[in-house]
Every structure is written in structure tokens, then in C-alpha cells.
Amino acid sequence: MSTANAVQDVQLFIDGQFRPAADGQLRDVIDPATGAVVCRQAWGTVGDVDDAVESAARAFVSPQWSGLTLKQRARLLLRIADAIEEDGAELARLESIDVGKPIIFTQGFDVPQAAEGFRYYAGMVEQIEGAMRQAGTRSFGYTRREPLGVVAAITPFNFPLNLAVNKIAPALAAGNTFVLKPAEQTPLSSLYLADIMSRAGLPAGVFNVVTGDGPTVGARLARHPRVIKLAFTGSTATGKKLIAEAAGTLKKVTAELGGKGANIVFADADLDAVTQWAFQAAFFNTGQFCMSGSRLLVHRSVHDELVSRLTKVIEATSVGDPLDPATMMGPLAHRAQLDRVTGYVALAQAEGATLRAGGNPVDRPGFFHEPTLFTEVTPDMRIAQEEVFGPVLTVTVFDTDEEAVAIANGTPYGLAAGLHTASLTRAHRVAAQLAAGIVWVNTWAMFENSIPFGGYKDSGYGRELGPEGLQEYQQLKSVVVNVE
Ligand code: ADP
């Protein structure tokens with residue numbers, strides 16, 4: 001192991017303390033760029049989950065947390081944002097090692113976005129408000145937006161830091177306490193964030209992290225009677241299981257699940273810009289992005305030209321060491337992901353799609369795969385219907401706007417979609433017709449904290465970011481006053 005990749009073993013974070021799992025078990029954390037063990041993580045038990053939930057339940061009613069004024073709560077979130085930036089270099093390094101993300105992106109996107117997420121919701125704390133209703137002559141009423149209690153989150157391996165912060169920041173802004181279970185492949189940034197938050201002054205028990213596997217730690221959180229809300233990001237299959245598990249205790253659930261984003265290129269689009277956006281949409285984060293634009297739908301008149309430009313960009317892209325500042329594309333985050341990608345590449349070829357670029361794992365240690373482009377993909381092929389979650393872009397040709405919309409909407413998913421056109425009327429008309437929680441026009445993956453995202457159809461329900469993201473962590477009480 002090189003010193004650059006050295007990481008200490010990590011423990012659970014419960015009630016303000018790092019501690020081993022109850023039974024002392026540890027599991028390896030693997031560096032996807034080398035396949036080597038970087039450190040070991042505590043492997044949480046059901047008892048550890050129960051301890052974390054009890055600690056969060058105590059903190060919820062503690063004067064140190066529930067007694068804070070709104071101004072104090074807001075200031076605490078701002079201090080966390082500053083602390084994330086102060087410790088940003090180490091946080092970015094851990095995320096790059098753990099996930100295989102290029103350091104240029106963890107430093108330039110993941111970490112700043114995490115700090116800004118806390119700042120955005122810090123700004124909302126003092127704006128939490130209800131409404132006054134003049135009910136009639138006998139009474140009037142008003143509403144209060146109250147916290148829920150203990151919130152649990154289960155996050156996936158692709159954006160461990162950001163997908164956690166999208167949940168933690170609004171949950172704490174609303175006054176809740178929190179237990180996080182990060183993905184078993186990528187626990188490091190969540191635990192480091194716990195340390196940062198604690199050093200910034202967050203009272204013990206407000207934020208807890210239990211690492212471990214889904215069916216043990218995740219399932220206990222989903223079933224735990226004292227967890228009032230579960231925020232999940234991950235695959236549709238696991239999401240459905242969790243929703244069923246959470247039903248027994250009537251938990252509120254938000255679920256951001258899989259996607260198969262259609263990126264539509266109309267004949268009047270600016271092909272220089274489209275080439276760049278289409279590439280980023282498909283290959284950002286090595287394609288491990290539920291909001292990726294993995295299906296490019298291209299008008300017949302510009303198909304050949306766009307495919308030729310994209311092929312050149314893809315062939316000029318090399319994968320590399322995530323810690324090298326020149327690297328733009330890293331490995332898949334873990335072994336099973338690489339196997340999944342090679343499986344889908346073989347399937348696409350068997351289904352009759354034409355391989356135009358890439359198509360192979362990279363011959364070096366770790367879990368690298370070439371960026372890959374398929375053309376002659378028809379909408380019914382499995383490669384055009386199922387989420388690959390890797391660096392594979394498919395191109396499907398269309399002739400009319402109606403056909404493009406029908407193909408775009410023709411999968412079970414509905415998370416993100418995009419369209420490229422010079423026509424203002426077409427842009428707004430088609431945006432309204434797309435069955436997706438977010439539609440990007442002449443861009444892709446342009447995120448703002450103020451703009452919510454989430455799923456239609458099998459991509460789940462609930463929204464993250466924006467004021468809507470805060471409301472997911474609040475409950476509404478009506479107070480009615482007799483004035484007779
Ligand atoms: P992906 O890795 O494809 O996103 P999952 O949706 O299975 O896969 O994983 C997302 C998160 O869900 C991870 O933290 C994982 O540990 C957790 N998880 C997996 N299976 C379960 C389960 N049965 N119950 C609770 N959590 C689970």
C-alpha cells in the first residue's frame with residue numbers, strides 16, 4: 001500500500017464516540033483503483049443499530065439539541081460547513097480512495113457541494129414557518145412545522161458524501177436527529193464527516209453512523225420502531241424491499257432509486273455543446289450515477305455526425321489513478337460493479353447493438369473499464385431498458401418529436417431526462433411531456449441546492465434539495481384556538 005492511500009481502520013460513531021462493533025467484527029475496505037485493502041471497518045450488529053437509535057432518541061429531546069434557538073441551530077450548521085471546507089483536502093482524499101473518484105472532482109465538486117448543502121439549509125432554519133388560518137368567527141388556526149424525531153438514512157456507494165449530506169443537512173435544519181448507514185463498500189467519508197461535525201460542536205447523539213451490511217444494519221433501521229423516517233438512495237429492487245420492511249412501523253419513506261436517463265438531441269441542437277454534455281451525462285463518475293444520461297436519443301439527420309464526434313472524445317479519454325490531479329475518469333467503485341458492466345457489454349453485443357468505442361475492462365489492477373459506446377440500439381433491448389450503472393452509453397435514432405418522447409418515457413424509470421434544441425417552444429413543450437423528476441435543457445447534471453430532484457415511476461418518491469427537501473423532514477401540526 002502506498003503512503004498516499006494509507007487510511008486508519010474505522011469504527012462506528014455512536015453517541016459522540018467512535019467505538020468497535022459489539023462483537024468486534026471488522027471487514028476490509030477495498031481501494032477500487034488497486035484492488036488492495038486500504039483499511040478495515042467495524043461491521044455493525046443489530047445491537048449497535050439499537051444503541052445508535054437510542055442515542056439519537058435521547059439527543060432529540062436533550063436541551064443541548066432541542067433547546068437550541070433557531071439562530072443557534074443555524075450557526076451550528078454553518079460551523080459544520082466551514083469545518084468541511086477546512087478539512088476538505090482529507091475528506092476529498094478519503095472519498096477518492098474509497099470510491100475511485102478522480103481527486104479533481106472530489107475537491108472541485110463533492111466536498112464544496114457538501115459544505116454548500118449545510119449552508120443552504122442553515123439559511124432555511126430561521127425561515128421555518130407555519131401559516132395562520134382565519135377559520136371563521138368561532139376560531140382561528142395556525143400550523144407548525146415540527147421535526148419528526150429520529151431519522152435514518154441508507155446510502156449507496158456512488159456519492160457517499162453528497163447523498164448523505166442531502167439528507168443530513170435538511171434533517172438537522174428541521175431539528176431531527178440522525179443515524180446513517182453508508183454503503184458497505186464506501187464508509188470512509190461518512191465517518192470522517194461524523195468527526196468533522198462533532199469537532200464543529202454538534203452535541204453527542206445528534207448524528208450517528210453505523211457501518212455494516214444492508215440486510216443486518218439497513219434492515220434493522222428500516223424496521224426500528226423509534227425511527228420515524230427512512231431516507232434511502234439506492235437500487236429500485238432494494239428500495240422496494242426497504243419500503244415493505246418500513247411499512248410495519250408506518251415510517252415515512254423517501255426513496256431515490258434507479259434511473260435510465262434519456263438525453264434527447266434534436267436536429268437543431270448545437271452539436272459542439274451536445275458532444276460535451278452527452279459525454280459528461282454518460283461518463284461522469286464512471287457512469288455510476290442514477291441521474292446519468294445513459295440513453296442518447298438522436299434525430300436521424302444529426303446521428304452520424306454526433307456519433308463520430310462522440311467516438312473521438314471517448315477514444316481520447318483514458319482512465320487513471322483517482323489521486324492523480326490529471327485523471328478525469330476513475331475505476332468502478334467495486335468488483336461487482338465491474339462484473340456488472342462487462343455483463344451488460346456482452347449482453348448488448350448479443351442483442352445486436354453495434355460497439356463503436358471501448359467495450360473492455362482495462363488491463364491494470366483495480367476495477368477499470370473503458371468508456372463504451374453502442375449504436376443501433378433499439379428501445380426494446382435490455383441494454384436500453386435496464387440500468388447498467390457504469391460507463392456505457394447507448395445511441396438510439398428517432399425521426400419525430402413524438403417518437404423521441406415516447407422512447408424517452410418508455411422505461412420503468414423516471415429520474416432524470418435531458419433535451420438539446422435551439423427552439424424555446426420545443427424545449428418547454430418536450431420538458432413538460434417527459435416523465436422524469438428533473439429535466440435538463442441544453443445541459444446535464446447542473447445541480448443547485450435550491451432545485452429539488454427525485455423520481456417518477458420506479459425511480460421512487462420524495463424530493464431532495466430545495467425547500468421541498470426540508471419538508472420531507474418535518475411534520476405538520478394544526479393548532480385551533482377557540483375565540484368565542
Ligand atoms: P446499489 O449498490 O446498487 O446502490 P443497493 O440499493 O442494494 O445497491 O444498496 C444501497 C444501500 O442499501 C447500501 O447501503 C446497502 O447496504 C443497503 N441495502 C442493501 N440491501 C439492503 C436490505 N435488504 N435492507 C436494508 N438495506 C439494504
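Visitor: Which strands does a hairpin join, and through how many residues?

Guide: A hairpin of five residues links β5 to β6. Strands here are DSSP runs (E, at least two residues; helices are H or I, at least four), numbered from the N terminus. Before we go on, this is a predicted model, in which local features need pLDDT of at least 70, side-chain atom pairs count only at pLDDT 80 or more, and totals for chains, interfaces and linings use all residues. Residues are numbered from 1 along each chain as its sequence is written, and side-chain values use heavy atoms, leaving out hydrogens and water.

Visitor: In what sense do β5 and β6 pair, parallel or antiparallel?

Guide: In general, strands of a sheet pair through backbone hydrogen bonds, in a parallel or an antiparallel way. Here β5 and β6 are antiparallel, with two bridges; pairing requires DSSP to find at least two bridges between the strands. Within this pair, R133 sits opposite G141 of β6.

Visitor: What is the strand order of the open sheet with three strands?

Guide: The order is β5-β6-β22, with antiparallel pairing. At its edges are β5 (132–133) and β22 (474–482), each pairing on one side only.

Visitor: How many bridges join β6 to β22?

Guide: Nine bridges connect β6 (residues 139–147) with β22, and the two run antiparallel. To find your place along them, look for R145, whose bridge partner in β22 is L476, and for R144, which stands opposite K477.

Visitor: What is the order of the open sheet with seven strands?

Guide: Follow β14-β15-β16-β13-β12-β17-β18; the pairing in this sheet is mixed. Its edge strands are β14 (354–357) and β18 (438–441), each with pairing on one side only. On average, neighbouring strands are turned by 25° against each other, ignoring direction. A parallel example is β15 (residues 372–375) with β16 (residues 392–398), joined over three bridges, where F374 is opposite T394 of β16.

Visitor: Which strands does α14 touch?

Guide: Helix α14 (residues 401–408) packs on the sheet against β12 (262–265), β13 (295–299) and β16, and its direction makes about 145° with that of β16. Contact means heavy atoms within 4.5 Å. Helix α15 (residues 424–433) lies across β12, β17 (416–420) and β18, at about 160° to β17.

Visitor: At what angle do α6 and α7 pack?

Guide: Two packed helices are described by the angle between their axes and the distance between those axes. For α6 (residues 160–173) and α7 (residues 188–199), the angle is about 40° and the axes are 10 Å apart. That makes α6 oblique to α7. Angles under 35 degrees count as roughly parallel, over 145 as roughly antiparallel, 65 to 115 as roughly perpendicular, and the rest as oblique. Axes are lines fitted to C-alpha atoms, for helices over the stretch in contact, and angles run from 0 to 180 degrees between N-to-C directions.

Visitor: Which residues make that contact?

Guide: From α6 come P160, L161, V165, I168 and L172, and from α7 come S189, S190, L193 and M197.

Visitor: How do α8 and α9 cross?

Guide: The axes of α8 (residues 214–223) and α9 (residues 236–247) come within 7 Å and cross at roughly 45°, so these helices are oblique to each other. G218, A219, A222 and R223 of α8 meet L242, E245 and A246 of α9.

Visitor: What are the bounds of domain 1 and domain 2?

Guide: The assignment gives domain 1 as 12–257 + 459–479 and domain 2 as 262–449; such bounds come from an automatic or database domain assignment. Their centres, taken over C-alpha atoms, are separated by 30 Å, and 32 residues of domain 1 contact 30 residues of domain 2.
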